[in-house]
Amino acid sequence: MLKCPDHVTVVVTNVEESLKFFRILGFELELTDVISGDKISRYLQVDKTEADHLTLVLKDSDPRFEIQLLHYRNPIVISDPSIFSLARPGYNHLCFTVDNMEETLIELRKNGIHTRSDIVEYQKRKLVYIEGPEFITIELAEWL
């Protein structure tokens, strides 16, 4: 049935800040498009959709994995700080594996990315949350 993740779509209000964040994590911009029209509006179930759609591809990922940034021109959306809380229903965070947690965090911190938590060892992994724009939470995991 299911095989592997294909992409995750993130709705953003600040395209440049989000693009910068995901580039630091190793994603490359592959495609920029504007989506609109009745077909898209019906599919997204959002009336009169018009949005910038950016496809970012994780370098050297096998299988391929994308983050798709969706910036609505219509309707206007507002960033919601309540999604920063991990104690809420719905999608919580996205996790990526890394080879070396400490080295990865040194590089991310050099680029202004902050951790949300201390590193914890749990279920044969080192884990840490990092904070992205739009209150996005990314988890990093190093298998031990």
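The structure is a predicted model, in which local features need pLDDT of at least 70 and side-chain atom pairs count only at pLDDT 80 or more, while totals for chains, interfaces and linings use all residues. Residues are numbered from 1 along each chain as its sequence is written, and side-chain values use heavy atoms, with hydrogens and water left out. The chain contains three helices and nine strands; helices (H or I, at least four residues) and strands (E, at least two) are DSSP runs, numbered from the N terminus.

**Overall fold**

- Along the sequence, the elements follow the order β-α-β-α-β-β-β-α-β-β-β-β.
- The C-alpha trace spans about 50 × 35 × 35 Å along its principal axes.
- The chain has 144 residues, of which 33% count as buried; buried means under 20% relative accessible area, exposed over 50% and partly exposed in between, with a 1.4 Å probe and protein chains only.
- Among contacts in the chain with a separation of 6 or more, 57% join residues 24 or more positions apart, where contact means heavy atoms within 4.5 Å.

**Nonpolar cores**

- In soluble globular proteins, nonpolar side chains tend to be buried together.
- A nonpolar core is a set of buried Ala, Val, Leu, Ile, Met, Phe, Trp, Tyr and Cys residues joined through side-chain atoms within 4.5 Å.
- The largest nonpolar core holds 24 residues, and those with the most contacts inside it are Phe22, Phe27, Ile67, Leu69, Ile130, Ile138 and Leu140.
- Two or more residues of this core come from each of α1 (15-24), β3 (50-58), β4 (66-74), α3 (101-110), β8 (125-131) and β9 (137-143).
- The greatest contribution to this core is that of α1, with four residues.
- Another core, of five residues, lies apart from the largest one and includes Ile35, Val46, Leu70 and Tyr72.
- Isoleucine 67 is in contact with Val8, Val10, Phe22, Phe27, Leu54, Thr55, Leu56 and Leu94, when its neighbours within four places in sequence are left aside.

**Aromatic rings**

- Rings of Phe, Tyr and Trp (its six-membered ring) pair if their centres lie within 6.5 Å; planes under 30 degrees apart count as stacked, over 60 as edge-to-face and the rest as tilted.
- By this rule there are six aromatic pairs.
- The rings of phenylalanine 22 and phenylalanine 27 form an edge-to-face pair, because their centres are 5.8 Å apart and their planes stand at 85°.
- Phenylalanine 22 is buried at 1% relative accessibility, and phenylalanine 27 is buried at 3%.
- Phenylalanine 65 and phenylalanine 96 also pair edge-to-face, with ring centres 5.9 Å apart and planes at 70°.
- Phenylalanine 65 lies in the loop between β3 and β4 and phenylalanine 96 in strand β5 (residues 94-97), so their pair ties together parts that are 31 residues apart in sequence.
- Phenylalanine 65 and phenylalanine 96 are both buried.
- A cluster linked by ring pairs consists of Phe21, Phe22, Phe27, Phe65 and Phe96.

**Largest pocket**

- On a 1 Å grid over the protein atoms alone, a pocket is an open set of points where a 1.4 Å probe fits, with protein on both sides within 12 Å along at least five of seven lines; lining residues have an atom within 4 Å of a point.
- The largest pocket holds about 700 Å³ of space.
- This pocket is lined by 23 residues, and those closest to its centre are Thr9, Val10, Ile83, Tyr91 and Ile136.
- The largest share of its lining, five residues, belongs to β1.

- Aspartate 52 lies in strand β3 and is buried, with a relative accessible area of 15%.
- Apart from residues up to four places away in sequence, aspartate 52 touches Asp33, Val34, Leu69, Leu70, His71 and Arg73.
- Threonine 55 lies in strand β3 and is buried, with a relative accessible area of 5%.
- Beyond its neighbours within four places in sequence, threonine 55 is in contact with Glu28, Leu29, Glu30, Leu31, Glu66, Ile67 and Gln68.
- From C-alpha to C-alpha, threonine 55 and tryptophan 143 are 28 Å apart in space, and they are 88 residues apart in sequence.

Note on methods. Grid points are joined across faces, edges and corners, and a volume is the space filled by probe spheres set on the points.
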